[in-house]
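My notes are below, in the order I looked things up.

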Amino acid sequence: MYEVGVTMPKFTIDGALTVNEHGEIVYVNSNIEEVLGYEGEELLGMHLNELISHPFLQLSPSAKRKMKAIRKTGELIDISLLVTDTFQIDGASFYTAFIFDLTKQTERIKKSTLSVLEKLEKIEASVAESLV
């Protein structure tokens, strides 16, 4: 096993994990547990494709993409995934993936949209009343 954890921050806003060139998870930070609901040890050896809605090997490094992730409970959540460029340790290739949980942001957008729709309905009703 490679000591890849030293190459990535242990404290990020959301989750972070390191995967090998085959997409297998070899390191996770503790924040990933809160985002996905898994204990860190459960994720080690798991393929990243088991957690995200886009095939890992088709993701472009340094590109941030919105997609779905699957929590341990089976719940789908909105995330933004940023995969770093490849780094090498003893000839083996690794990537770090930062997972940003968009659940709260998505909920705020939904509430804001509903609020705007409610206001539009009130305006529409007011205009309709004034025309009668």
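These entries cover a strand and its partners, a nonpolar patch, and the salt bridges.

**Strand 1.** Before anything else, I noted that this is a predicted model. I started with strand 1, residues 15-20, and found it mostly covered, with six of its six residues buried. Then I checked which way the residues point. Gly15, Leu17 and Val19 go one way, Ala16, Thr18 and Asn20 go the other, and all are buried.

Which strands pair with strand 1? I found strand 6 (residues 92-101), antiparallel, over six bridges. Val19 has Tyr95 as its bridge partner there. Strand 2 (residues 25-28) also pairs with strand 1 in the antiparallel sense, over three bridges. In that pairing I see Thr18 opposite Tyr27. Strands 1 and 2 make a hairpin with four residues between them, and Gly23 in the turn has a positive phi of about 90 degrees.

**Nonpolar patch.** I found a nonpolar patch of about 670 Å², made by Leu114, Val116, Leu117, Leu120, Ile123, Val127 and Leu131. I picked out Leu117, which sits in helix 3 (residues 103-131). Leu117 has a relative accessibility of 42%, so it counts as partly exposed.

**Salt bridges.** How many are there? I get four salt bridges. One of them joins the side chains of Glu42 and Lys72, at 2.7 Å from N to O. This pair ties distant parts of the chain together: Glu42 is in helix 2 (residues 40-43) and Lys72 in the loop between strand 3 (64-70) and strand 4 (76-83), 30 residues apart. Both ends are partly exposed, Glu42 at 34% and Lys72 at 45%.

I then went to Lys68 and Asp78, whose side chains meet at 2.6 Å, N to O. Lys68 is in strand 3 and Asp78 in strand 4, ten residues apart. Lys68 is partly exposed at 35% relative accessible area, and Asp78 is partly exposed at 22%.

Last, I looked at Arg71, which forms a salt bridge with Asp101, closest N and O atoms 3.2 Å apart. Arg71 is in the loop between strand 3 and strand 4, Asp101 is in strand 6, and 30 residues separate them. Is Arg71 buried or exposed? Its relative accessible area is 16%, so I have it down as buried, the cut-off being under 20%. Asp101, at 23%, counts as partly exposed. I also noted that Arg71, Glu75 and Asp101 are linked in a network of salt bridges.

Key
Residues numbered from 1 in each chain as written. Predicted model: local features only at pLDDT ≥ 70, side-chain atom pairs only at ≥ 80, totals over all residues. Heavy atoms only, no water. Buried < 20%, exposed > 50% of the residue type's maximum accessible area, 1.4 Å probe, protein only. Helix = DSSP H or I, 4+ residues; strand = E, 2+ residues; numbered from the N terminus. Pairing = 2+ DSSP bridges. Patch = residues over 30% accessible without salt bridge, like charges linked within 9 Å, V, L, I, M, F, W, Y side chains within 5 Å. Areas by Shrake-Rupley, 256 points an atom, 1.4 Å probe, with all protein chains shown as cover.
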